[in-house]
Amino acid sequence: MCTRAVSGLAHFLESEGIATIVLGLVPHHVRAMQPPRALLVPFELGRPLGAPHDPTAQREVLTAAFALLDHSGPGPVIKTFDTEVTPSAINAEPWACPVSFPAPTKDYTLADRISEEVRLLQPWFELGYRQRGHTAADVSGIDIEVLLQWLARFLGDSVPTESPVPGRSLAESFKLGVEDLKAFYLESITTQPSTGSSVDVNSWFWEETAAGELLWQLRGKLREHLDDAIRLHAQFTLVPTTEVARRKMVPQ
Amino acid sequence: MNRPTITYNAPMREEDVSEHLINTPCPDLGPTPWAPPPTVGRRVAIVSTAGLMQRGDRPFGFGAADYRIIDRDDPADLLMTHISTNFDRTGFLQDHEVVFPLQRLQEFAESGEIEGVARYHYSFMGATEPAQFEPAARQLAGAMQGEGTNIALLVPV
């Protein structure tokens with residue numbers, strides 16, 4: 001949806017005198033909305049400048065984007081980023097997460113399994129934090145162990161009805177907590193030297209981890225929650241539509 | 001110019017765009033406006049729709065039509081609180097430049113390809129209907145001009 005959003009913003013800013021350049025991830029939306037200048041880039045949603053840690057390629061994108069300013073108008077001026085894309089070597093072979101999680105047993109609750117996963121991933125999370133100097137896994141302000149136990153309670157009989165953080169709504173804490181949990185896993189796994197592609201990593205999270213399983217189960221259960229915003233999150237923001245579609249296609 | 005070669009993981013080629021995205025209606029915002037870009041003195045600000053904020057700011061929620069200010073000179077962490085889960089976040093988690101290319105812009109300024117990089121940059125949250133951004137965007141244009149910014153690089157996610 002963001003390509004629609006930047007196209008709309010381009011209309012408003014340009015009509016106020018600011019020259020705009022849109023990077024377009026969804027060509028259909030750019031062509032429909034006709035912003036003044038747009039560069040269509042061939043990257044997946046979430047990566048408008050392409051691959052991480054590739055400053056040369058990022059500069060190439062921006063060079064092509066700024067070249068749009070040389071057109072004399074009127075717009076729309078819509079160009080495609082002229083790249084020779086090569087499939088990632090990472091995709092050439094199946095990727096497997098090097099951290100082995102224990103197989104589920106009857107004695108372990110889902111929260112126990114997540115707790116164990118967090119323990120196994122913690123060294124990689126800490127290394128990633130040292131290397132990057134920042135983390136997105138603490139936005140909720142809730143400690144990761146406390147957080148996963150709190151989220152797991154939504155599956156039980158005593159569903160939380162109040163935010164653990166004063167002054168914040170239940171739904172906001174829930175959403176921020178879910179994103180913290182995902183960020184913890186994704187930051188940990190992408191710190192490892194043999195990180196797979198984004199598709200590999202996201203598939204691993206949603207299909208192989210207990211944390212992913214928790215979010216799948218919450219998606220089903222919380223559609224009946226009393227809080228309107230929690231229900232909206234359960235329906236629209238917990239599990240990506242691509243994963244929902246994939247699970248529908250693969251017999252369980 | 002040589003065609004750049006880029007290694008990618010999962011491309012958004014036109015044939016890969018989902019039915020859901022193709023079928024999302026796009027509002028008609030009227031004729032395409034045109035502001036002649038300056039040929040010299042280009043000062044650039046990033047306007048993102050990734051739901052970015054600096055630590056301590058308000059997270060974005062459903063239907064948010066306002067924006068957050070990202071201060072180039074403030075070292076506070078850059079965080080993403082976009083409500084959607086339907087895009088890859090692993091690129092941003094590894095390298096903020098994938099979504100918010102501030103360092104790249106500063107390199108362009110140092111090499112003279114642009115005049116300068118604005119101190120203030122901005123982020124909306126792109127799941128909101130585009131027309132709802134209009135009041136905030138028109139107000140933002142005035143603020144940008146007040147800082148001497150004349151180019152907006154609009155970056156989706």
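**Exercise 1. State the domain layout of chain A and the separation of the domain centres.**

Step 1. Chain A is divided into domain 1 (2–86) and domain 2 (110–249), with bounds taken from an automatic or database domain assignment.
Step 2. Taken over C-alpha atoms, the centres of domain 1 of chain A and domain 2 of chain A are 32 Å apart.
Step 3. Note the conventions: residues are numbered from 1 along each chain as its sequence is written, while chains are lettered from A and ligands numbered from 1 in the order in which they are written. This is a predicted model, in which local features need pLDDT of at least 70, side-chain atom pairs count only at pLDDT 80 or more, and totals for chains, interfaces and linings use all residues.

**Exercise 2. Describe the secondary structure and extent of chain A.**

Step 1. Chain A contains 10 helices and 4 strands; these are DSSP runs, numbered from the N terminus, with helices being H or I of at least four residues and strands E of at least two.
Step 2. Their order along the sequence is α-β-α-β-α-β-β-α-α-α-α-α-α-α.
Step 3. The C-alpha trace of chain A spans about 70 × 45 × 40 Å along its principal axes.

**Exercise 3. Characterise the side of chain A that touches chain B.**

Step 1. Contacts link 88 residues of chain A with 77 residues of chain B.
Step 2. Helix α1 (residues 2–15) of chain A supplies the largest share of this side, 14 residues.
Step 3. By class, the side has 49 nonpolar, 28 polar and 11 charged residues. Nonpolar covers Ala, Val, Leu, Ile, Met, Phe, Trp, Tyr, Cys and Pro; charged covers Asp, Glu, Lys and Arg; the others, Gly among them, are polar.
Step 4. Strand β1 (residues 19–24) of chain A runs parallel to strand β8 (residues 151–155) of chain B, joined by 4 bridges; pairing needs at least two DSSP bridges. A:Ala19 is opposite B:Ile151 in β8(B).

**Exercise 4. Which elements do the buried residues of α7(A) pack against?**

Step 1. In helix α7 (residues 198–208) of chain A, the buried residues include A:Phe205 and A:Trp206. Buried means that 20 or more other C-beta atoms, placed from the backbone, lie within 10 Å of the residue's own.
Step 2. The buried residues of α7(A) pack against α6 (170–191), α8 (210–221) and α10 (241–249) of chain A, together with α2 (90–94) of chain B.

Note on methods: Contact = placed C-beta atoms within 7 Å. Buried ≥ 20, exposed ≤ 12 C-beta atoms within 10 Å, placed from the backbone.
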